[in-house]
Amino acid sequence: MCLGIPGKIVELYEQGGLKMAKIDFGGVLREACMEAAPDALVGEYAIIHAGFALNILSEEDALETLRLLEELGQLVDELGPEASMRVASNRED
Amino acid sequence: MDVQSFSSAFRDNDIIQGVLKEIRRTVTQPWVIMEICGGQTHAIMHYGLDQLLPPEIELVHGPGCPVCVTPLELIDKALVIAARPDVIFCSYGDMLRVPGSQRDLFSVRAAGGDVRVVYSALDAVKLAQQNPDKQVVFFAIGFETTAPPNAMSVLQAQSLGLKNYSVLVSQVCVPPAMHAILGSPANRVQGFLLAGHVCTVMGYQEYPPLAEQYSVPMAVTGFEPLDLVQGILQVVRMLEKGEVEVQNAYQRAVTAGGNKAAQAIIFKTFQQVDRNWRGIGTIPQSGWGLRPELVEFDAEKRFSVEDIHTAESPLCIAGEILQGLKKPHQCPAFGLQCTPTSPLGAPMVSAEGACSAYYRYARVESN
């Protein structure tokens with residue numbers, strides 16, 4: 001029940017006094033309530049849970065996480081355990 | 001980045017294997033880590049992550065399964081209300097097969113009750129608008145994640161002036177349940193994966209006091225396989241170094257303070273109350289109930305259902321499973337008297353229940 005799914009906001013509008021949006025889930029369009037993400041913009045990504053946007057996703061943070069974890073794996077492979085320890089301590093925030 | 005990449009990039013086999021190697025390299029001794037959220041339990045089994053981790057790491061499964069912890073008495077009340085001829089009873093789909101004392105919502109529907117599965121609580125409000133001659137009741141269950149949409153439905157019904165919409169509320173919160181687990185003398189949990197979307201809504205500022213009180217490190221963790229191994233790596237690193245912190249391993253979706261607009265919707269609708277958790281018992285101040293000014297939307301008040309005599313299956317050990325004290329395959333009824341099509345307890349039904357995950361992904365041996 002807590003599984004939110006990322007979707008792209010393709011249209012914002014009002015319905016029955018509520019902020020609503022059309023959300024694209026990789027080709028499937030569904031409606032979601034945007035009252036908890038009132039500043040969302042068309043083109044942004046939101047986590048949708050039970051027809052409700054819980055938050056806007058940060059593309060920047062997503063790419064940063066992927067980059068760090070990819071680097072970590074490469075270092076473990078290429079340089080051996082000691083180097084990965086250095087990455088491990090560098091990337092803690 | 002396109003919309004599918006938000007999921008698929010976090011399922012990248014090479015990156016996951018790299019993180020797994022780092023986990024294997026980091027771990028030096030046995031650790032017990034609990035994932036709170038049942039959605040994560042299913043994702044771990046689905047991707048076989050439990051089998052890819054080093055044997056030192058034992059994952060135990062937490063109580064984060066909304067239909068599993070909804071109290072039997074409330075389910076029995078729901079069954080009585082749903083059977084009324086003047087009622088359209090709406091619920092999220094998971095709830096329909098959850099056993100009450102005698103029957104479930106499916107059998108109420110089979111006997112002629114108007115029981116409907118809705119995608120969103122706001123769909124139930126629409127049904128109330130479309131059916132002014134019927135009472136529409138929504139089963140508002142769930143954790144902090146489900147609270148904003150459930151709350152919004154009540155606020156929307158109020159603003160539309162609807163007199164035929166009400167909610168049967170069983171909203172529960174994660175931190176009090178963690179208190180109960182960690183405070184138990186039988187507790188084995190040494191580190192936590194915090195439920196990502198609960199923290200999307202509420203943030204994670206509630207957790208550092210808990211982490212300190214019980215000396216248990218925690219990482220806010222998402223639902224994709226890469227999110228899960230990242231959360232596990234961060235917890236294992238803290239455990240190995242003897243650090244006790246609450247770290248965020250789901251940064252794209254979670255900020256420390258959470259979503260303030262969502263919290264405002266919740267607290268406009270709900271206030272903190274004691275809640276009874278099925279299989280666990282009453283935990284003080286562990287959930288939310290409707291605020292006094294919204295009492296007219298309370299289905300328990302609108303339909304006074306008395307004479308509920310609950311009867312749990314004597315075989316089911318759901319309570320011990322929900323607290324991480326036992327694994328599903330240790331239950332003598334698992335896969336025999338209790339299966340997803342004929343469940344004795346809610347964890348065998350739900351897409352978030354640990355028993356259902358063990359049955360579906362055939363985890364029948366200790367690992």
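Student: Is Gly51(A) buried, partly exposed or exposed?

Tutor: A residue counts as buried if 20 or more other C-beta atoms lie within 10 Å of its own, exposed if 12 or fewer, and partly exposed in between, with C-beta atoms placed from the backbone. Gly51(A) is partly exposed because 19 other C-beta atoms lie within 10 Å. A word on the source: this is a predicted model, where local features need pLDDT of at least 70, side-chain atom pairs count only at pLDDT 80 or more, and totals for chains, interfaces and linings use all residues. Residues are numbered from 1 along each chain as its sequence is written, while chains are lettered from A and ligands numbered from 1 in the order in which they are written.

Student: Where in chain A is Gly51(A) found?

Tutor: Helices (H or I, at least four residues) and strands (E, at least two) are DSSP runs, numbered from the N terminus. Gly51(A) sits in the loop between strand S4 (45-49) and strand S5 (52-56) of chain A.

Student: Which residues is Gly51(A) in contact with, leaving aside its neighbours within four places in sequence?

Tutor: Contact means that two C-beta atoms, placed from the backbone, lie within 7 Å. For Gly51(A), the partners are Glu31(A), Ala32(A), Cys33(A), Tyr119(B), Ser120(B), Leu122(B) and Pro149(B). Cys33(A) is 18 residues away in sequence, with a C-alpha to C-alpha distance of 6.2 Å.

Student: In what order do the five strands of the open sheet in chain B run?

Tutor: Two strands pair if DSSP finds at least two bridges between them. Here the order is S2-S1-S7-S8-S9, with parallel pairing. Strand S2 (57-64) and strand S9 (246-248) of chain B are the edges, each pairing on one side only.
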